[in-house]
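Welcome, and thanks for taking a look at this one. Below is a short briefing to read alongside the sequence and the model.

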Amino acid sequence: MAPTATEAKPFNKDYHGFEPFKLTNPFPSYAALREEAPVMWDDRIGMYVITRYDDVKGVFEDWETFSSKDAQSPIRPLGAAAKKVLADGEFTTYSGLSARIPPEHTRIRAVATKAFTPRRYKVLEPYIRDNADALIDAMVAKGTNSGNILTDFAYDLPTITIFALIGVPHDMIDLVKEWAVSRAALTWGDLTDDEQVPHARNMVAYWNFCQKLVADAKVTPGDNLVTDLVNLQAAGEEISDHEIASFLYSLLFAGHETTTTLISNAVRQLLIHREAWEQISADPAKIPGAVEEVLRTAGSIVAWRRTAEKDGVVGGVNIPQGSKLLLVMGAANRDGSQFADPDKFDIARENARNNLSFGFGIHYCIGNMLGKLQTRVALEQLTKKLPGLHITNGEDIEFGDNLSFRVPLAVPVTW
Ligand code: HEM
């Protein structure tokens with residue numbers, strides 16, 4: 001029998017301390033929300049904020065009621081000037097996969113999965129390791145015995161990887177990173193109309209580049225993912241050039257930004273909890289467990305959106321059709337009903353991999369294995385080459401303002 005639904009609890013005047021765009025330390029407010037208002041209407045962002053584990057997972061699972069179709073639309077509506085830049089630049093993509101819904105999503109994901117094979121990861125692992133070593137060596141060669149893991153190491157590593165996977169030249173790194181920053185700001189940021197315009201210009205350049213990658217792969221095939229997708233299309237798989245370009249548009253963002261953050265957060269968490277760093281240095285077999293615990297306690301994405309396609313119920317609360325929902329995975333991952341002593345960082349935690357940092361259900365992150373592989377290799381090489389790494393004021397590190405992406409501003413280290 002369906003639960004009897006009630007109205008969402010009216011928020012108290014300070015929203016239990018929850019500030020949707022402030023991510024430096026959102027955890028006390030997450031705990032208060034889970035306890036006092038687990039399905040809270042937030043007037044400032046026009047969304048229901050969902051914080052309990054079972055509720056967040058349940059919404060991810062029920063894609064028919066709670067669609068991802070608006071997951072990539074700008075939080076703040078685009079102003080006229082930015083819209084004109086996009087229209088003039090024939091910017092026509094909206095998502096590679098995550099904001100598509102079945103049957104379109106099922107069809108494209110099936111083709112994408114065929115190209116995204118474990119064989120490609122296997123080939124990449126030694127390449128990732130060599131690049132990690134080279135980045136560590138370059139950081140050490142500066143001779144200051146200090147660095148910033150975010151910019152000196154974690155920034156380039158996943159970008160180089162995804163470029164090799166897709167078949168993008170190295171000299172594009174800075175430009176692609178700039179486009180990724182623009183995409184995050186334009187979609188999940190809190191910008192004025194004027195501030196949106198340069199980012200909109202970047203989106204046009206970014207989209208043109210993705211389309212060109214597809215066109216080029218048809219003329220000059222390579223041993224890479226774009227060529228795999230083009231070949232699958234030629235072999236009769238149903239995927240258009242526009243859909244391939246849109247998938248690349250997704251990967252050239254999702255494929256590095258989130259991993260840069262995961263590596264940075266991993267180093268930060270492990271160095272703050274020094275005993276954990278010592279343990280993985282002594283026994284690298286403990287690294288995969290540590291990565292899961294980092295995902296649970298300091299995931300790259302702390303909140304993701306859904307839209308109610310029809311009337312639904314979450315945690316006993318009526319959610320009318322058309323409502324927007326914010327699924328706070330960062331809060332769900334610290335729900336005591338699922339994780340014992342949830343605020344404790346424990347790299348041996350047996351069920352850490354039940355974290356929701358990659359989502360759940362039909363949109364479960366297609367790159368989860370690649371993200372974890374890179375973070376594992378990064379930690380293997382850092383602990384091997386710089387076991388005496390220390391963090392400077394790790395507890396005081398600030399994170400950028402954003403609704404979804406929790407990115408540290410710097411991860412200063414010494415050795
Ligand atoms: C390492 C850190 C990463 C995190 C925390 C992360 C997180 C996520 C999340 C939360 C979703 C949305 C799930 C949903 O809507 O239900 C997602 C989807 C996706 N991710 Fe990741 N991701 C990571 C790495 C990657 C990498 C390395 C790639 C590609 C190489 C990637 C590609 C994608 C794609 C294409 C989707 C859309 C899947 C779909 O809708 O079917 N991600 N990811």
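Helices here are DSSP runs of H or I with at least four residues, numbered from the N terminus. Please keep in mind that this is a predicted model. With that in hand, let's start with a residue in helix 16, Gln-381.

**Gln-381 and its surroundings**
- Gln-381 counts as buried because 21 other C-beta atoms lie within 10 Å, and the cut-off for that label is 20 or more.
- Leaving aside residues up to four places away in sequence, Gln-381 touches Arg-129, Ala-132, Asp-133 and Ile-136.
- Asn-25 is 356 residues from Gln-381 in sequence, and their C-alpha atoms are 29 Å apart in space.

**The ligand shell**
- There are 28 residues around the ligand, and those that come nearest are Gly-359, His-363, Cys-365, Gly-367 and Gly-371.
- Helix 16 (368-385) supplies at least two residues of this shell, as do helix 11 (241-254) and helix 12 (257-272).
- By class, the shell holds 13 nonpolar residues, 14 polar ones and one charged.

**Helix 10 and its cover**
- Helix 10 spans residues 225-234, and its buried residues are Leu-225, Val-226, Thr-227, Asp-228, Leu-229 and Val-230.
- The cover over these buried residues includes helix 4 (104-115), helix 7 (157-166), helix 9 (193-219) and helix 11.

**Helix 8 against helix 9**
- The axes of helix 8 (residues 173-188) and helix 9 are 9 Å apart, and the two helices pack at an angle of about 125°.
- Helix 8 is therefore oblique to helix 9, and the crossing is left-handed.
- On the helix 8 side, the contact involves Glu-178, Trp-179, Ser-182, Arg-183, Ala-185 and Leu-186; on the helix 9 side, the partners are Gln-196, His-199, Ala-200, Asn-202, Met-203, Ala-205 and Tyr-206.
- This contact is made up of seven nonpolar, four polar and two charged residues.

**Backbone points worth a look**
- Most residues other than glycine have a negative phi, and most peptide bonds are trans.
- Asn-145, in the loop between helix 5 (118-141) and strand 4 (146-148), has a positive phi near 55°.
- Asn-145 counts as exposed because it has 10 C-beta neighbours inside 10 Å.
- Asp-341 is not a glycine either, yet has a positive phi of about 45°; its place is the loop between helix 15 (329-332) and helix 16.
- With 9 other C-beta atoms within 10 Å, Asp-341 is exposed.
- Pro-102 and Pro-103 are joined by a cis peptide bond with omega of about 5°, and Pro-103 sits in the loop between helix 3 (80-88) and helix 4.

Definitions and conventions. Residues numbered from 1 in each chain as written. Predicted model: local features only at pLDDT ≥ 70, side-chain atom pairs only at ≥ 80, totals over all residues. Near = placed C-beta within 6 Å. Nonpolar A, V, L, I, M, F, W, Y, C, P; charged D, E, K, R; others polar. Buried ≥ 20, exposed ≤ 12 C-beta atoms within 10 Å, placed from the backbone. Contact = placed C-beta atoms within 7 Å. Axes fitted to C-alpha atoms, helices over the stretch in contact; angles between N-to-C directions. Parallel < 35°, antiparallel > 145°, perpendicular 65-115°, else oblique. Left-handed = near helix turned anticlockwise from the far one by under 90°.
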